[in-house]
Amino acid sequence: MLNHTGIWRHYGKVLVNLDFPTIEPDSDALPGENIRYYREKKGVSKEELADFLGITVYGLINLEKGFNPVYYKDAVLIGKYLEVEPETFMDEYAVFCKQGYGKKIKAIRNAFGVSQKDFADMVGVGRSTVSIWEAELNERHPNRKLYIVLKSMAEEKGVNLGDT
């Protein structure tokens with residue numbers, strides 16, 4: 001019998017083919033759905049991928065179910081392990097958070113013509129947070145809610161977040 005990975009199992013003297021066509025994920029599938037699909041397609045267990053990423057199995061489950069975001073560096077590691085382009089596991093937020101996000105934030109701030117302190121007040125964070133973002137210290141970047149605020153500000157001023 002074929003198991004979920006497509007491997008025949010022999011029970012007595014009868015072989016049964018229960019092979020079902022693999023359905024590719026939709027083009028608008030969430031990053032976690034893509035992780036699960038490609039992990040299963042490659043026959044990689046949750047434990048194997050979690051170990052490679054240095055997280056718990058529950059952490060991987062949370063990524064796959066969309067409870068936790070897939071960050072850029074994680075998408076790169078997952079892509080490497082599963083031999084799939086990292087962008088497959090990224091949404092708009094993860095793309096924003098890749099290296100260079102500090103320049104994007106500074107471009108938004110400059111479009112408003114304000115200091116880090118005034119920009120921090122506009123966003124609702126401390127001045128040091130804006131400084132840390134712009135310098136990309138310790139890969140600390142805005143959370144999803146603040147990303148939405150920054151994206152809205154960028155759109156208001158015509159700042160293209162893909163080109164900065």
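Predicted model: local features only at pLDDT ≥ 70, side-chain atom pairs only at ≥ 80, totals over all residues.
Local features need pLDDT of at least 70 and side-chain atom pairs count only at pLDDT 80 or more, while totals for chains, interfaces and linings use all residues. Residues are numbered from 1 along each chain as its sequence is written, and side-chain values use heavy atoms, leaving out hydrogens and water.

**Stop one: H4**

Select residues 72-82, helix H4 (helices are DSSP runs of H or I with at least four residues, numbered from the N terminus). Colour Asp74, Ala75, Ile78, Gly79 and Leu82, which are buried (under 20% relative accessible area, 1.4 Å probe, protein chains only). Look down the axis of H4: the buried residues fall within an arc of 135°, so they line one face (the arc is that of directions from the helix axis to the C-beta atoms). An α-helix has 3.6 residues a turn, so residues three or four places apart point the same way. Now show helix H1 (31-41) and helix H2 (46-53), against which the buried residues of H4 pack.

**Stop two: H6**

Move on to residues 101-112, helix H6, which has 12 residues. Its buried residues include Tyr101, Ile105 and Phe112. Just after H6, click on glycine 113, with a positive phi of about 65°.

**Stop three: H6 meets H9**

Which residues of H6 make the contact? Ile105, Ile108, Ala111 and Phe112 do (contact means heavy atoms within 4.5 Å).

Terms used. Helix = DSSP H or I, 4+ residues; strand = E, 2+ residues; numbered from the N terminus. Expected span 1.5 Å × (residues − 1). Buried < 20%, exposed > 50% of the residue type's maximum accessible area, 1.4 Å probe, protein only.
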